[in-house]
Structure formats: structure tokens, C-alpha cells
Amino acid sequence: MTHHLKLFHAYTACTRVTLTALEHVGAVYDDELLDMARGEHRAPEFLAVNSQGKVPSLLVDGALLTENGAILRWLDSEYPKAGLFPRTVSDIEYARQTGDLFWLSSGWHPYARAVKVPSLWTTGDIAPVRERGTQLVTGVVRQLEQRLAGQDWWYGSDWSIIDTYLWWACVNAEIGGFDLSAFGGIADWRARNEAHPSLVRALAREQAALQRKRSEYA
Amino acid sequence: MAELRLYHQPGGCSRVTLAALEHVGAAYEDRLVDLASGEQHSAEFLAINPRGKIPALVVDGELIAENAAILLWIHHRWPDAGLLPASSGLDATRQLADLFWLSSFWHPTVRAIRMPIRWTTGAPEPVQERGSLLLAEPLARMDRLLCGQTWWFGESWSICDVYFCWICGIAEGGGYPLEGMKGIVLHRQRTMAHPAFRQAILREQAALARGQE
Ligand SMILES: N[C@@H](CCC(=O)N[C@@H](CS)C(=O)NCC(=O)O)C(=O)O
Ligand SMILES: N[C@@H](CCC(=O)N[C@@H](CS)C(=O)NCC(=O)O)C(=O)O
């Protein structure tokens, strides 16, 4: 059964991961970009959709789904053959994948936020929060670098949406000033990610939404 | 039956995991990890969980990390125990989203209040203040919700109640005042009186007593 899907997203936000997943499974969907700098995620129109004012927000036949990790799992169950995650042979392996999603959303994402938008974690001087964020990101980036030493992707020989999620977190930390240049494995993997057709299409879709938004203002 | 071993710290977020294991009646071993002395960074513990975090559950020698991932695994192994209300469909996805919300918003935010030095190398106060600001609106919303319903999901208890109760305890421990929030105060009392929570506390106490021998 096909659902009517609409994704609310924002430029460079973690919705890049959601967009990539939608592209990867081949879903037909509408999308709307919110201009966070103008506070569109806090405007009454959007709060009527998601009272928490967060993206990603996915409407499935009008019903709201939130949280990147939950949306990715839902898409995987709707499109089991698309390969968002590698097939698992045991419930323990499945739980470990789910654990990776939680690691990203509760670790990587808030850590990268401390580097890129430290003011979200403090009312005071941002420098010590960015410094701490840099330590936290260093810890997880090292784990990624180590894992990529012997393999192309997080789970081995095949791409999964976890790679896109990790890619997004790394790039966001970099936008915030985190220096990735010392990590050679990550540099190669990043290039592979950026050549992946699903991410390429997702970024094109994001760009198109941004253009639409700009022409609205013009 | 699988062999289970939980690594935990009394009072830590692993209290939620303990409550889940107790609720389903699982047989498991438990091991203390002393976060205060940095045992999570020891070579021995990193060999078990390279991410250096508790809770960590070892199932027949294989690690499952991340609290919510462990909770979901327990729910699927003991589907009739009532740890969570849904097992499939859009409701299960919503429930999963709630777990992501607890783990990625609530937990890091109360950490800012209770353990601000996890988010800064500088003065703790502005991080605590920011944490309190981030919490205010969602807490007020939860308070209103819990004034009108008994549990997180409405009529029946679930492990999300324990998770949220633990989160509120951490916020309060960090100095966030909860007294005025009737819905939350009463919800905490109900949750702490529930057998799963009480057994988790007993298990923590037993582990501490063992540790002192
Ligand atoms: N845990 C959530 C985090 C979502 C989130 O923080 N989204 C950001 C953009 S990356 C956002 O909407 N920020 C706006 C705000 O928090 O007001 C998820 O993984 O979906
Ligand atoms: N996202 C993780 C967070 C786990 C976590 O932060 N655990 C804390 C105790 S509540 C810990 O192990 N802290 C030790 C450290 O970070 O060094 C989860 O939900 O399991």
C-alpha cells in the first residue's frame, strides 16, 4: 500500500538523512523546507503540524511521525527490499543496529550540535562548550575511523543509511570548525558517501526546495 | 534461555534497564561499573563496551549498547510482559519515536542540568541555565498530560514511565524545581511504587552491598 507522504525539512539539518532514505527506497513524497533562520519552525502553521517545532516531521496520510531514527526504521519496514539497513540474522544483531541509531541520535547529534551551535547548550560563553563538543566528537570520530580501517562502510561491504547519518554528523561538526583532516579513512568514506546516488538526489531535492523558498521571498 | 549480564551504576540511567529486566522476570547477572572513579574508561570495561557507557547488556557473549535499544530487545524477547504497549504498526513506530525522544532530547538535556561539565570545559552555571530553559516547555507539557492520564501511554504502565521518572529525578537532583508540577509529582510517586521500579532499587542495593564486601 502506498501512503501519502510529506516531509518537513531544513537546509543542512539532520533531515538530509531522512531525505536520503526517502530517495533510497524510491518513495513518492512531497517536501517543504522550513527557514529556521526566520523561525518558520516556531510559526503557528508549523506548530499545528508538530507542536515541538522540530524537523524531521513526516506526515504519513496526515499522521505525524517524528524522530529521525524512528522514521528510518519505519521506512525500512515499509520497503524491506530497499536495503536501508543490512538484513539481520538474529534479534541481537537487529538490536545492535537499533543501538547504532540511538548512538547517533543521543550521542553524535548532540555532540555535533555542541560544536556547530554551542549556544544551544549554554547561555554564556560558547568557547568552552565548543571545546567540550570537540572532545566528544573526537571520541566518536576515532571509533568511526577505526571501524573504517578494514572496510568501506559502517556495516562492511555495503552502504546503509547509518553511513549517511554518520556522514551528516561528521560534516556538521566540520561546518562548526571541527578538523577532520587527520582522519584518512573518513576522508575516503566521505567521498564514497558523497558519490552515493541516494544522497546526491537528496541534496538536489533539498536544493530545489531552497530555490522554491527563495523565489517565495523574491 | 539466553545468558544475560547487565553492566550498570546505581542511580544511573541503567536503573531503567534494571526495571525492564525485573518487570519481564528475566534471570540475569549484574555487574557494577563505578563511573565516579572512571571505571567506564578502564581497559577491562572498554573490552566489553568500546563506547564506555552503561547500560551495557551482554547476551550470550554479544553486546547490546544503548538503553532504549536494550529495552526494545527485552520487549521483543518477552512480548507478553507488557513492557511497551505496541508490537507492530504505526503505533509501534510512534512508541519508537518516544524512546528516541527520551534518549536524544530528555537525557542529554537533564545531563546539562545535573552534570553540566559533560557539556563544557568552563563554568557549569550557564550550561545548567540553558538546560533549564530547554526543559521548561516540554516539562510543562508533560505535566499537563500527566494531570489527565495515569501513565505515559494512558491507561497502562510501560517502561517509558520509568525512563521519564528517572529523567525527572535527575533534573530535580540538579536543582530543577518540580514541586509545582502536580501531574509530574504524582506520576513519579506512582512509578516509584510500581513493583518493577522497587525491584530495580533492591537489585541496585544488593549490588552495592556486594561491592562493599
Ligand atoms: N532527536 C531528533 C532531533 C531533531 C532535531 O533536533 N532537529 C533539529 C534540526 S537538525 C531541529 O528541528 N531544530 C529546531 C529546534 O530544535 O527548535 C531527531 O533525531 O529527529
Ligand atoms: N545514549 C546512551 C547514554 C548512556 C549514558 O550516558 N550513560 C551514562 C550513565 S547515565 C554513562 O555511562 N556515563 C559515563 C560516561 O559517559 O563516561 C544510552 O541511552 O544508553
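How large is the accessible surface of chain B, and what share of it belongs to carbon and sulfur atoms?

Analyst: The accessible surface of chain B comes to about 9200 Å², and carbon and sulfur atoms hold 52% of that surface. Accessible areas come from the Shrake-Rupley method with a 1.4 Å probe, and for residues only the protein chains shown count as cover.

This is a predicted model, in which local features need pLDDT of at least 70 and side-chain atom pairs count only at pLDDT 80 or more, while totals for chains, interfaces and linings use all residues. Residues are numbered from 1 along each chain as its sequence is written, chains are lettered from A and ligands numbered from 1 in the order written, and side-chain values use heavy atoms, without hydrogens and water.

Chain B has eight helices and four strands (DSSP runs numbered from the N terminus: H or I of at least four residues for helices, E of at least two for strands). Along the sequence their order is β-α-β-α-β-β-α-α-α-α-α-α.

Now the overall form. A compact globule of 213 residues would have a radius of gyration near 17 Å, and the 17 Å of chain B agrees with this (taken over C-alpha atoms; the rule is 2.2 Å times the number of residues to the power 0.38). Along the principal axes, the C-alpha atoms fill a box of roughly 45 × 45 × 35 Å. Of the 213 residues in chain B, 53% are buried (under 20% relative accessible area; exposed is over 50% and partly exposed in between, with a 1.4 Å probe and protein chains only). Among contacts in chain B with a separation of 6 or more, 64% join residues 24 or more positions apart (contact: heavy atoms within 4.5 Å).

Phe197(B) gives a local example. Phe197(B) lies in helix H8, residues 195-212 of chain B, and is buried, with a relative accessible area of 7%. Leaving out residues up to four places away in sequence, Phe197(B) touches Arg15(B), Ala19(B), Val162(B), Cys165(B), Thr191(B) and Met192(B). Trp166(B) is 31 residues from Phe197(B) in sequence, and their C-alpha atoms are 10.0 Å apart.

Chain B also meets chain A: 42 residues of chain B are in contact with 42 residues of chain A. The area buried between the two chains is about 3600 Å², 60% of it from carbon and sulfur atoms (the accessible area, 1.4 Å probe, that two parts lose on being put together, summed over both). Arg51(B), Phe100(B) and Trp119(B) supply 21% of the area that chain B buries against chain A, more than any other three residues.
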